[in-house]
Amino acid sequence: MVAVERKRFCPNCRQGWDLDGSLPLRFCPKCGTRLEQTCPSCNKPIPTTSLFCPNCQAMLQICCSCFRLTKLDQSRCEKCGEQPIPLSKTFICVRGTIANTFTASSALSDELPNIAPSPQGWEVDYRQPLSMAVIVGNCLLIVSGEERLMLRALGIENGNEIAAVDLGNWAGTSATEVSLWLDRFRLWIWSERWLSCVDLRFLKPRNLMARPILLPDGTFIIGACFGLLWVERDGKVLQVHGSEKVVKGEWQPTCEFELPAPLKRFWVDRYREVSFVTSDSAALFTDEQGNIWIWERGQQEIRPLREREQILLLPIWMQWRNRSEFVFVTKQNGQVNLLCFDGQNWRQVPLLFTPSGDHPVVIGEHFWLPCEGGQRWVACDFDGKIIDEFTLPPQTRTRYAFSMGKELWTLQEQGDIVRLLRLRLQMHEVGTWSLGDQSFALGKMEGENGFLVMILRRRGKICSRVIAD
């Protein structure tokens with residue numbers, strides 16, 4: 001069923017117009033930007049700001065420079081050569097984003113909440129274990145089941161199931177053990193034993209593998225980027241596999257590197273995240289000895305950048321003051337620093353406080369760091385200056401934190417419960433759940449009414465509610 005278009009807006013000057021049933025606007029009356037163009041997949045006319053084509057169901061992205069629509073698997077705009085981005089109003093699950101930065105991934109239309117449909121609360125009970133989740137466009141993707149696993153795509157606005165993809169028999173595996181990772185138009189799904197891949201170029205996901213691949217013993221997948229799958233073997237070897245070969249069932253690395261020590265991991269929620277972070281052209285990772293390594297796109301080798309750094313938190317990729325930097329929180333001779341690398345040069349910024357926790361959160365150009373295990377969160381800027389801070393309830397610790405809009409949200413463990421807290425001008429409690437449910441929260445800023453927040457519980461429940469702005 002094709003949705004009726006009620007509004008058009010200009011991606012360039014941000015002007016919007018209500019449609020009155022007459023001929024739709026094809027060019028912006030204010031700046032002349034094209035408001036309608038042909039779908040790059042089926043050549044049917046569609047609005048320039050279409051998340052997907054209503055005719056062929058192809059998922060789309062848009063060039064930030066010339067506003068030309070492209071297919072989801074295109075890495076560059078054919079007209080101007082710039083990198084396109086998804087045109088969606090989303091908060092993307094932190095795991096599996098291009099930067100792996102534990103923060104919202106802003107899209108072009110995020111500044112225009114009035115064009116989105118009004119959110120509504122809903123709840124779904126699958127009565128089966130659930131995995132972590134990712135948001136792609138207006139879909140929530142999640143794996144459910146035990147041994148016979150299913151990938152489910154839910155519409156964010158109403159919770160209706162759009163599609164269910166049979167992932168096959170994952171013997172001895174529950175959905176709670178499964179990780180999901182996005183690499184452009186592919187969703188990689190893996191556990192300690194099995195691996196599968198799903199095509200996301202169309203509105204309904206398509207399984208690319210007839211059956212999951214059984215991973216060799218001692219093999220741990222750490223991430224996917226640039227059409228490559230990154231694997232650690234026996235804590236001694238880093239392997240790189242080509243996505244196309246893996247999808248065809250060929251399990252032979254294109255290159256591999258000896259490691260002096262196993263890769264460093266941090267507990268985030270109930271998962272151990274490898275300190276593997278990517279930009280749009282490189283990947284950095286660290287090992288247990290504090291060595292920092294870099295791999296640059298198109299290269300066949302990795303090279304060391306630093307040695308023997310005491311790294312305190314999961315590293316991230318930041319964009320601030322018109323600079324892009326990999327940021328590490330380190331400690332040397334009792335002094336805590338932000339250690340920043342822009343691809344060529346290092347910059348060291350001293351901090352006046354000592355973080356304690358697992359991962360930072362980025363909100364705009366502010367870098368939020370946990371202290372005292374997450375009982376306090378402190379924001380600093382490019383120069384390490386303290387900008388803001390929140391004190392959370394005593395005798396709690398942060399299981400997971402994320403940004404939504406311009407706010408910090410945390411899941412705080414306290415005794416046998418988990419509390420979802422929204423930290424704005426002051427602290428607001430959004431919900432409380434049993435620790436046994438192993439709640440996992442992620443959100444989506446949607447519509448004029450406020451925030452749509454989803455709380456996923458391991459025991460098969462997904463609760464979505466609207467939080468007033």
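## A buried glutamate

E325 counts as buried because its relative accessibility is 0%, where buried means under 20% relative accessible area, exposed means over 50% and partly exposed lies in between, with a 1.4 Å probe and protein chains only. E325 is found in strand β30, residues 323-332. Strands (E, at least two residues) and helices (H or I, at least four) are DSSP runs, numbered from the N terminus.

The side chain of E325 makes a polar contact of 2.8 Å with the side chain of R347. A polar contact is a pair of N or O atoms within 3.5 Å; within protein, one must be able to donate a hydrogen and the other to accept it, and residues adjacent in sequence count only if both atoms are side-chain atoms. Not counting residues up to four places away in sequence, E325 touches I316, W317, M318, W320, C340, F341, D342, R347 and F382, with contact meaning heavy atoms within 4.5 Å.

## Model and chain

This is a predicted model, in which local features need pLDDT of at least 70 and side-chain atom pairs count only at pLDDT 80 or more, while totals for chains, interfaces and linings use all residues. Residues are numbered from 1 along each chain as its sequence is written, and side-chain values use heavy atoms, with hydrogens and water left out.

The protein chain has one helix and 43 strands. Of its 469 residues, 57% are buried. Among contacts between residues at least 6 apart in sequence, 43% join residues at least 24 apart.

## A four-strand sheet

Four strands form an open sheet in the order β37-β38-β39-β40, with antiparallel pairing; two strands pair if DSSP finds at least two bridges between them. The edges are β37 (397-404) and β40 (427-434), each with a single partner strand, so one side of each has no neighbour in the sheet. On average, neighbouring strands of this sheet are turned by 20° against each other, direction ignored; axes are lines fitted to C-alpha atoms, for helices over the stretch in contact, and angles run from 0 to 180 degrees between N-to-C directions.

Strand β39 (residues 417-423) runs antiparallel to β40 and is joined to it by seven bridges. I417 has S434 in β40 as its bridge partner.

## Nonpolar cores

A nonpolar core is a set of buried Ala, Val, Leu, Ile, Met, Phe, Trp, Tyr and Cys residues joined through side-chain atoms within 4.5 Å. The largest has 33 residues, and W188, L195, W230 and F276 have the most contacts inside it. Apart from that core lies another, of 31 residues, including F402, V430, W433 and M454.
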